[in-house]
Amino acid sequence: KVDTTKEEAFKEDALPFEDNIAYLRRLLFERDVEPKLIEKILEKIRERGGNSMKKEEMLSLSSKIMTLLVGEPQPINLEVEKEQQKPHVVIFLGPTGVGKTTTLAKIAADFTFKNKKVGLITADTYRIAAVEQLKTYAEILNLQVTVVYSPGEIQEAVNKLSDKDLILIDTAGRSHKNKAHFDELKSLVSAVDADETFLVINSNTSRIALREIVEYYAFVKDYKLLFTKLDESPICGIILNARYMTGKPISYTTNGQSVPDDMSIANVKQIVADRSEERR
Ligand code: GDP
């Protein structure tokens with residue numbers, strides 16, 4: 001009996017170079033990778049591979065290129081501040097409802113379990129439930145929450161937590177389209193002058209919306225990308241796109257509502273692994 005799957009695979013493998021390129025283009029397109037980025041990836045493959053390159057080699061080369069593009073994840077590192085004997089201050093920014101508070105609680109739990117002293121500050125007084133939500137997590141972890149009502153109060157709040165290893169600051173998920181609200185957020189960010197900033201992005205954001213978010217938050221010089229709700233996203237193209245658009249490092253990803261479990265340092269292999277191909 002002839003093994004047709006192998007036979008077909010062989011046939012596909014023997015497709016001419018440009019047909020394989022077209023196949024890869026479609027694959028990346030299905031993952032919602034930016035068209036410009038797709039062409040860059042294909043250009044690199046053309047540069048490297050001669051016309052005899054097989055489909056499997058091409059897929060493996062594209063994975064290598066994407067791995068380089070995604071880069072190494074950079075989680076919170078407390079070592080620098082340890083030498084300086086001051087708390088490491090981290091602020092979380094991002095559109096409304098992306099999962100900032102939940103993620104902050106997950107990170108707080110992670111460091112508390114590692115025996116680090118964690119202090120929490122919330123400037124999210126705009127949404128009534130937000131403070132309560134953080135306080136609930138804080139109670140479970142036996143942590144203190146300071147609520148600040150204006151950018152002018154933030155430094156004092158940070159100073160009062162000087163005995164901590166890590167201070168996590170939650171911000172109001174204010175619409176970047178509301179200028180007054182967004183200006184207040186900018187003042188807060190400048191008043192905090194954090195050691196690290198995380199831009200929290202929902203993995204299900206469209207390419208157009210992502211571009212807009214990136215443009216609005218361009219006022220922050222250095223930040224890390226943090227992607228939430230991977231459990232609700234069938235594809236990881238957004239991570240490649242955000243890296244391509246911003247050049248900022250990736251950090252954590254979250255994949256569920258459960259605190260503290262559903263978060264990990266971004267797994268580059270999984271991000272690059274072609275889940276859309278698995279579905280074929
Ligand atoms: P914030 O407004 O940015 O602070 O967002 P919240 O932390 O309040 O989260 C908004 C909603 O998203 C809540 O219902 C969370 O439980 C949910 N959420 C947060 N992270 C994740 C995640 O990784 N996966 C899923 N499915 N839901 C999440």
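Here is a walk through this structure, from the whole chain down to single residues.

Keep in mind that this is a predicted model, where local features need pLDDT of at least 70, side-chain atom pairs count only at pLDDT 80 or more, and totals for chains, interfaces and linings use all residues. Residues are numbered from 1 along each chain as its sequence is written, and side-chain values use heavy atoms, with hydrogens and water left out.

Let's start with the overall picture. The protein chain has 13 helices and eight strands; these are DSSP runs numbered from the N terminus, with helices being H or I of at least four residues and strands being E of at least two. Of the 280 residues in the chain, 50% are buried. Here, buried means under 20% relative accessible area, exposed means over 50%, and partly exposed is in between, using a 1.4 Å probe and protein chains only.

Now find the ligand. It has 16 residues around it, and the closest are K100, T101, T102, D231 and T254. To count as near, a residue needs one heavy atom within 4 Å of the molecule. Helix α6, residues 100-113, gives the most to this shell, with four residues. Sorted by class, the shell has one nonpolar, nine polar and six charged residues. The classes work like this: Ala, Val, Leu, Ile, Met, Phe, Trp, Tyr, Cys and Pro are nonpolar, Asp, Glu, Lys and Arg are charged, and the others, Gly among them, are polar.

What sits beside the ligand's oxygen and nitrogen atoms? A polar side-chain atom of T102 is 2.5 Å from a ligand oxygen, and a polar backbone atom of G97 is 3.1 Å from an oxygen of the ligand. On the nitrogen side, a polar side-chain atom of E232 lies 3.0 Å from a ligand nitrogen. The ligand taken alone exposes 580 Å², and the protein buries 85% of that. Accessible areas like this come from the Shrake-Rupley method with a 1.4 Å probe; for residues, only the protein chains shown count as cover.

Next, look for the largest pocket, which has a volume of about 280 Å³. It is lined by 16 residues, and A194, T197, V220, K221 and D222 are the closest to its centre. Two elements give two or more residues to the lining, namely α9 (179-192) and β5 (196-202). Of these, α9 gives the most, with three residues. By class, the lining holds seven nonpolar, two polar and seven charged residues. A pocket is found on a 1 Å grid over the protein atoms alone, as an open set of points where a 1.4 Å probe fits, with protein on both sides within 12 Å along at least five of seven lines; lining residues have an atom within 4 Å of a point. Grid points are joined across faces, edges and corners, and the volume is the space filled by probe spheres set on the points.

Is H88 buried or exposed? H88 counts as buried because its relative accessible area is 4%. Its side chain makes a polar contact with the side chain of E196, at 2.5 Å. A polar contact is a pair of N or O atoms within 3.5 Å; within protein, one must be able to donate a hydrogen and the other to accept it, and residues adjacent in sequence count only if both atoms are side-chain atoms. T205, in the loop between β5 and α10 (207-216), has a side chain that reaches the backbone oxygen of N202 at 2.5 Å. T205 is buried too, because its relative accessibility is 17%.

For a contrast, go to R48 in helix α3 (residues 35-48). R48 is exposed because its relative accessible area is 52%. R48 is 168 residues from Y216 in sequence, and their C-alpha atoms are 37 Å apart in space.

Most residues other than glycine have a negative phi, and most peptide bonds are trans. D32, in the loop between α2 (17-30) and α3, has a positive phi near 65°. D32 counts as partly exposed because its relative accessibility is 28%. K229 has a positive phi as well, near 60°, and is found in the loop between β6 (224-228) and α11 (237-246). The peptide bond from V259 to P260 is cis, with omega near 5°, and P260 is in the loop between β7 (250-254) and β8 (263-265).
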